[in-house]
Amino acid sequence: MNNKAVSPEALRPSYKNDRRRPICLRRHEKYTAVTEGFAALICIYTVLGDLFHVKDKDDPIEIAVFLILMFGMFVSGFIWTMNLAAYKAEPHDEMSAQIKGRANGTAFFLWYALVMVSVFVLEMIKKGSVSQILTLGNFYMLSVGGLLIYDAIRRFVFLVMDRPDKPDDSEE
Amino acid sequence: MPELKTRLKEYRAAKNMKQGDLAELVGVRRETIIRLEKGQYNPSLKLAMDIAKVFGASVEDIFSFEEDQ
């Protein structure tokens with residue numbers, strides 16, 4: 001909880017002492033989710049590339065896709081870090097913490113469904129592909145990718161749940 | 001389920017205060033104040049008391065629950 005006192009002088013001392021302008025929580029979540037999304041896609045693409053294109057490492061399409069994903073991750077990561085350097089991140093308040101908790105649960109079900117669908121699709125495309133993916137070499141990239149996807153989904157679900165119903169017309 | 005009724009908007013308008021200013025004073029985000037004003041979020045007792053203190057009113061003056069018909 002951040003609402004420790006009413007007086008602006010006493011309120012959130014560490015936050016107040018930081019002279020940088022605040023970046024709103026929603027924007028911070030968006031930047032993080034997009035960067036994580038690109039990073040996760042790279043991990044998953046690497047795993048799937050190992051599975052389906054072992055002998056086509058010089059395939060220009062494969063290289064182009066990888067470069068696009070890398071470029072996307074670096075651009076979004078650059079924007080993310082520059083914003084964090086220029087602004088202070090707005091802390092969670094009681095409502096956002098509550099919504100984040102609900103988003104965690106929903107994100108887990110979405111993530112689990114995505115994993116299940118991916119397993120079935122991969123097995124349909126290539127029999128035995130899932131056990132091939134779960135080899136030690138791929139497993140590291142797969143776990144990192146899985147965690148990043150879960151966190152990105154969690155942040156997107158939070159953004160959806162936290163979105164106001166309609167624009168507020170009362171604000172001056 | 002009792003419905004949350006709030007006079008937060010009236011009190012804020014009387015003090016000529018923006019949602020962002022009130023949010024800053026009580027240490028929450030502006031989105032939280034927006035939802036509070038629309039009755040879409042039940043505040044914690046701490047937040048309700050902080051808001052009441054800002055307006056020099058009691059919690060019951062600003063927030064109340066109305067039973068469904």
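Residues are numbered from 1 along each chain as its sequence is written, and chains are lettered from A in the order in which they are written. In this predicted model, local features need pLDDT of at least 70, side-chain atom pairs count only at pLDDT 80 or more, and totals for chains, interfaces and linings use all residues.

Chain A holds 6 helices and 2 strands. Both kinds of element are DSSP runs numbered from the N terminus: helices are H or I with at least four residues, and strands are E with at least two. Read from the N terminus, the order in chain A is α-β-α-α-β-α-α-α.

Of the 172 residues in chain A, 34% are buried. Buried means under 20% relative accessible area, exposed means over 50%, and partly exposed lies in between (1.4 Å probe, protein chains only). The accessible surface of chain A is about 10600 Å², and carbon and sulfur atoms account for 70% of that surface. Such areas come from the Shrake-Rupley method with a 1.4 Å probe. A contact means heavy atoms within 4.5 Å. Among contacts in chain A between residues at least 6 apart in sequence, 82% join residues at least 24 apart.

Next comes the largest pocket. Rolling a probe the size of a water molecule over the atoms shows where empty space is left. A pocket is an open set of points on a 1 Å grid where a 1.4 Å probe fits, with protein on both sides within 12 Å along at least five of seven lines; lining residues have an atom within 4 Å of a point. The largest pocket has about 600 Å³ of space, the volume being the space filled by probe spheres set on the points. Its lining has 19 residues, and A:Ile44, A:Val115, A:Ser118, A:Leu122 and A:Leu142 are the closest to its centre. Helix α4(A) gives the most to this lining, with 7 residues.

A:Phe66 sits in helix α3 (residues 60-86) of chain A. Why does A:Phe66 count as partly exposed? Because its relative accessibility is 31%. Leaving aside neighbours within four places in sequence, A:Phe66 is in contact with A:Ile42, A:Tyr45 and A:Thr46.

In chain B, helix α3 (residues 30-37) is mostly covered, with 7 of its 8 residues buried. Among them are B:Ile33, B:Ile34 and B:Leu36. After α3(B) comes B:Gly39, whose phi is positive, near 75 degrees.

Technical notes: Heavy atoms only, no water.
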